[in-house]
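Visitor: Hi! Could you walk me through this protein, starting with how we decide that two residues touch?

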Amino acid sequence: MPDDPIKLLIAAKAGDRSAFTELHARYFAPVFRYIRKRVTEKETAEDIAQSVFMKLLKSKSKIANQGHEPLHYLFTMARNAVIDHWRAEGKTETIPIDDMENMPDD
């Protein structure tokens with residue numbers, strides 16, 4: 001099993017199940033936490049997180065060859081999945097103006 005996260009991603013995208021299992025084990029928790037802070041229901045957050053991993057494997061782009069850590073792609077995909085979720089729900093996320101001062105820079 002490759003220790004290099006990029007090689008792990010390449011192996012998972014090539015169909016290596018053990019590589020996908022390792023990728024999932026390493027990165028599911030941070031992706032889930034990211035989504036959970038933005039989605040009300042825990043089960044919905046879990047579903048979205050799982051869909052992010054499946055989209056990563058099915059993506060036809062050359063993301064593994066761009067040299068970024070898998071978490072970079074996963075967070076981008078998670079953000080887009082949350083946006084899609086809220087669009088499908090017909091809602092948008094709003095932040096009260098008082099909370100803007102306490103927002104992290106990310």
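Guide: Happy to! Two residues are in contact if they have heavy atoms within 4.5 Å of each other. Keep in mind that this is a predicted model.

Visitor: Is His85 buried or exposed?

Guide: Buried. Its relative accessibility is 14%, and the cut-off for buried is under 20%, so His85 counts as buried.

Visitor: Let's switch to aromatic rings. How many aromatic pairs are there?

Guide: The count comes to 4 aromatic pairs. Take Phe28 and Phe53: their ring centres are 6.0 Å apart and their planes are at 35 degrees, so this pair is tilted.

Visitor: Why do you give both a distance and an angle?

Guide: Because a pair of aromatic rings is described by the distance of the centres and the angle of the planes.

Visitor: Got it. Where do Phe28 and Phe53 sit in the chain?

Guide: Phe28 is in helix α2, residues 17–36, and Phe53 is in helix α3, residues 42–58. They are 25 residues apart, and the pair links distant parts of the chain. Phe28 and Phe53 are both buried.

Visitor: What about the rings of Tyr34 and Phe75?

Guide: Their centres are 5.3 Å apart with the planes at 45 degrees, so that pair is tilted. Tyr34 lies in helix α2 and Phe75 in helix α4, residues 70–89, so the pair ties together parts that are 41 residues apart in sequence.

Visitor: And are those two buried or exposed?

Guide: Tyr34 counts as buried, at 19% relative accessibility. Phe75 is partly exposed, with a relative accessible area of 29%.

Visitor: What lies over the face of Tyr34?

Guide: That is Arg38, at 3.7 Å from the ring centre.

Visitor: Which residues do ring pairs link into a cluster?

Guide: Phe20, Phe28, Phe32 and Phe53.

Visitor: New topic: helix α1. Which of its residues are buried?

Guide: Helix α1 covers residues 5–13, and Pro5, Ile6, Leu8, Leu9, Ala11 and Ala12 are buried there. What covers them includes α2, α3 and α4.

Visitor: What follows α1?

Guide: Gly15 follows α1, and its phi is positive, near 105 degrees.

Visitor: Can you zoom in on Ala12?

Guide: Ala12 has 5% relative accessibility, so it counts as buried. Not counting residues up to four places away in sequence, Ala12 touches Ala19, Phe20, Leu23 and Leu57. Ala12 and Glu22 are 10 residues apart in sequence, and their C-alpha atoms are 8.8 Å apart in space.

Visitor: Last topic, the largest nonpolar core. Which residues touch the most other members?

Guide: Of its 27 residues, Leu23, Val31, Ile35, Val52, Phe53, Leu56 and Leu74 touch the most other members. The elements giving two or more residues to this core are α1, α2, α3 and α4.

Visitor: Which element gives the largest share?

Guide: Helix α2, with 9 residues. As background, nonpolar side chains in soluble globular proteins tend to be buried together.

Visitor: And what is Val52 in contact with?

Guide: Leaving aside neighbours within four places in sequence, Val52 is in contact with Val31, Ile35, Leu74, Met77, Ala78 and Ala81.

Methods. Residues numbered from 1 in each chain as written. Predicted model: local features only at pLDDT ≥ 70, side-chain atom pairs only at ≥ 80, totals over all residues. Heavy atoms only, no water. Phe/Tyr/Trp six-rings, centres within 6.5 Å; stacked < 30°, edge-to-face > 60°. Helix = DSSP H or I, 4+ residues; strand = E, 2+ residues; numbered from the N terminus. Buried < 20%, exposed > 50% of the residue type's maximum accessible area, 1.4 Å probe, protein only. Lys NZ or Arg CZ within 6 Å of the ring centre and 35° of its normal. Core = buried A, V, L, I, M, F, W, Y, C linked by side-chain atoms within 4.5 Å.
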